[in-house]
Structure formats: structure tokens, C-alpha cells
Amino acid sequence: MFSARLSFKALELGRPKWNYKWLSQVSASTSRLQVLDKGGVRHITLADPKTRNSLSLKMVQELHAAVTREDPALRCIILGAQGKVFSAGHNLKELTLKEGRDYHQKVFDACTELMLTLQNIPVPVVAKVNGIAAAAGCQLVASCDIVIATHNSSFSTPGGSVGIFCSTPGIPLVRSVPRKVSAHMLLTGLPITAEEALRAGLVSKLVSENELETETLRTVEAITHKSKAVIALGKKFMYKQMEMGIEEAYSEGSCLMVNNVNMKDGQEGIGSFIEKRKPSWFHSDE
């Protein structure tokens with residue numbers, strides 16, 4: 001299992017072969033997730049519709065294991081869900097006094113680790129949403145790099161209605177949408193429509209239910225046709241520079257561009273453009 005904080009050594013390997021491979025479940029006794037590798041793309045599906053795909057501790061742990069499972073061919077992750085609810089958030093049955101404060105801390109620590117991992121892993125994560133994403137479910141969506149959603153989807157942070165303010169779901173939310181929108185969602189708990197989410201920047205692309213799979217795969221294909229090494233360095237700096245002042249961002253960004261140009265894949269891309277041919281990527285960070 002690779003660390004989200006380390007460089008992805010698999011960058012040096014070549015193009016993935018387009019095949020299908022079912023990954024083993026974290027535990028043979030669970031069916032909370034379905035995980036399928038298809039030609040360098042990992043399809044992870046929340047498969048617990050009876051609990052509205054709640055982010056129980058077990059679900060969060062399985063998600064983290066599925067996301068971080070090392071595969072040299074991995075290029076992109078698609079995160080989807082079964083049923084009409086993408087995820088209703090934490091399982092409140094795990095948050096009663098019976099479980100105790102230490103268990104509650106374990107739940108939120110595991111969730112935090114998952115959300116940070118989604119941002120820190122070098123491959124892009126695309127959320128495929130068709131339904132309700134509420135509370136920590138909305139947090140999960142906001143933590144993905146790209147979000148493709150249907151008109152049937154809605155997004156909310158309604159924790160205050162049950163006496164638990166959505167403090168941690170609000171962390172990626174306020175970094176994805178304007179302050180007035182996030183304040184309205186967090187303080188009222190009222191859902192926003194898919195159209196409102198698109199205008200606010202929580203959703204990248206809005207499609208009909210019939211187009212969801214096609215558009216998601218089209219998005220992923222656009223990623224996998226590029227150099228894995230270049231996408232990895234780009235994703236890392238994209239998030240890093242958001243926390244910088246503009247002068248610092250330009251200074252570091254300029255140095256990164258120079259390094260990128262002098263990479264094998266940087267020169268291969270330039271050469272292929274000049275020679276009017278398709279690039280043959282090395283997928284190497286050299």
C-alpha cells in the first residue's frame with residue numbers, strides 16, 4: 001500500500017493494458033464496496049444501499065484500503081454508488097454514548113484520513129454522482145478532484161438538524177464553493193440542486209442519467225491519454241498553490257514548469273507536437 005505523501009514510483013511504468021480485474025474485498029464477509037480494475041482505471045462503488053451507503057467506520061476503512069491499494073498500472077479512480085443515495089453520511093448508530101468518545105474519535109480520524117488521501121494520492125479521483133449526497137457524503141464528493149453528476153442529484157450538510165453541526169464536511173465544502181453558498185448549506189441544512197451545485201462549483205459537469213456513464217468515461221479517457229507523471233505533479237501543485245499567496249504561487253509554479261519541460265515526458269510532448277504525431281509517454285518523473 002503506498003503512502004499518499006510519497007511519490008508514486010509506478011510513474012516509470014508504461015501504459016496500462018486494457019483488461020478487467022476484480023480486486024479482492026477488504027474482508028470476505030463484507031459487501032459494502034465493489035471494486036473493479038479496468039485498464040488502469042479503478043471503479044469503486046459504494047454498495048450498501050440499505051444503509052443509504054452510510055460512511056460507517058467499516059465503510060470508511062474499506063474505502064481507504066481500496067483507494068490506496070497499490071497498482072503500477074493505476075491511472076484514475078472512479079467513485080460511484082448503488083441506489084438513489086450516493087451517501088447519507090456517517091452512520092449515526094455508531095455515534096451514540098454506548099460506543100464511547102474514543103470510538104467516536106476513531107470514526108472521525110478515519111474519515112479525515114480518507115478525505116486527505118483522496119487529495120494527496122497522485123492519480124485523479126472522479127466522483128460519479130446520481131442521487132443524494134448528504135453530510136459526510138457531501139464531504140466525500142467535495143473531496144474528489146472532479147465531480148460528474150446527474151440532474152437527479154442533490155447536495156446538503158444537514159447535521160445541525162440532528163444536533164451535530166457538519167464541521168468536518170464543511171472543510172472541503174468551503175474550499176469548493178463560495179462562502180455565501182457554503183454558509184447557507186451549513187447553517188440551514190437545506191439541500192441545493194444539481195444545477196445550483198454546478199453554478200457554485202461543487203460539481204464539474206452536469207448530465208442526464210443516461211449520459212452519466214458515458215461522460216464519466218470520456219472524462220477519465222482524457223486523463224489516461226496523458227502522461228501519468230505530468231498529471232501527478234500537476235495535481236499536487238494544483239492543491240498546494242491554493243494555499244499560497246499569488247507571488248509565491250507564481251515563483252514556485254515557474255520552477256515547476258521548468259522542471260516539467262525538462263522531464264522526459266515534457267520533451268516527448270513538445271517533440272510530438274512539433275512532429276505532428278501522437279506522443280509516446282514514458283510515464284516517468286525523470
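User: Let me start with a residue I clicked on. Is S272 buried or exposed?
Analyst: S272 is buried, with a relative accessible area of 5%. Keep in mind that this is a predicted model.

User: Where does S272 lie?
Analyst: S272 lies in helix α10, which covers residues 264-274.

User: And what does S272 touch, leaving out residues up to four places away in sequence?
Analyst: S272 touches R277, K278 and P279. R277 also belongs to a network of salt bridges with E268 and E275.

User: Let me step back. How many helices and strands are in the protein chain?
Analyst: The protein chain has 10 helices and 11 strands. Of its 286 residues, 48% are buried.

User: What about the accessible surface of the chain?
Analyst: The accessible surface comes to about 15200 Å², and 56% of that belongs to carbon and sulfur atoms.

User: What share of the contacts join residues at least 24 apart?
Analyst: Among contacts between residues at least 6 apart in sequence, the share is 66%.

User: OK, strands now. What does β3 pair with?
Analyst: Strand β3 pairs with β2 (residues 33-38) in the antiparallel sense, over 6 bridges. β3 also pairs with β4 (residues 76-81), in the parallel sense and over 6 bridges.

User: What sits between β2 and β3?
Analyst: The two strands form a hairpin with 2 residues between them. G39 is in the turn and has a positive phi of about 55°.

User: Which unit do β3 and β4 belong to?
Analyst: Together with helix α1 (residues 57-68), β3 and β4 make a right-handed β-α-β unit.

User: Are R42 and D37 buried or exposed?
Analyst: R42 is buried, with a relative accessible area of 0%. D37 is buried too, at 6%.

User: How many salt bridges does the count come to?
Analyst: The count comes to 9 salt bridges. Among them, E213 and K128 meet through their side chains at 2.7 Å, N to O. E213 lies in helix α7 (residues 212-224) and K128 in strand β6 (residues 125-129), so the pair ties together parts that are 85 residues apart in sequence.

User: You mentioned α3. How many of its residues are buried?
Analyst: α3 is mostly covered, with 8 of its 8 residues buried. Including C138 and Q139, the buried stretch has A136 and S143 among its members.

User: Last one, α5. Which residues of α5 are buried?
Analyst: In α5 (residues 179-188), S182, M185 and L186 are buried. Seen down the helix axis, these residues fall within an arc of 90°, so they line one face of the helix. In general, an α-helix has 3.6 residues a turn, so residues three or four places apart point the same way.

User: What do the buried residues of α5 pack against?
Analyst: They pack against α3 (136-143), β9 (154-156), α4 (170-174) and β10 (192-193).

User: And what is on the face of α5 turned away from its buried side?
Analyst: That face carries the exposed residues K180 and L187. Just after α5, G189 takes a positive phi of about 75°.

Conventions. Residues numbered from 1 in each chain as written. Predicted model: local features only at pLDDT ≥ 70, side-chain atom pairs only at ≥ 80, totals over all residues. Heavy atoms only, no water. Helix = DSSP H or I, 4+ residues; strand = E, 2+ residues; numbered from the N terminus. Buried < 20%, exposed > 50% of the residue type's maximum accessible area, 1.4 Å probe, protein only. Contact = heavy atoms within 4.5 Å. Areas by Shrake-Rupley, 256 points an atom, 1.4 Å probe, with all protein chains shown as cover. Arc of directions from axis to C-beta. Pairing = 2+ DSSP bridges. Right-handed = clockwise from strand over helix to strand, strands pointing away. Salt bridge = Lys/Arg side-chain N within 4 Å of Asp/Glu carboxyl O.
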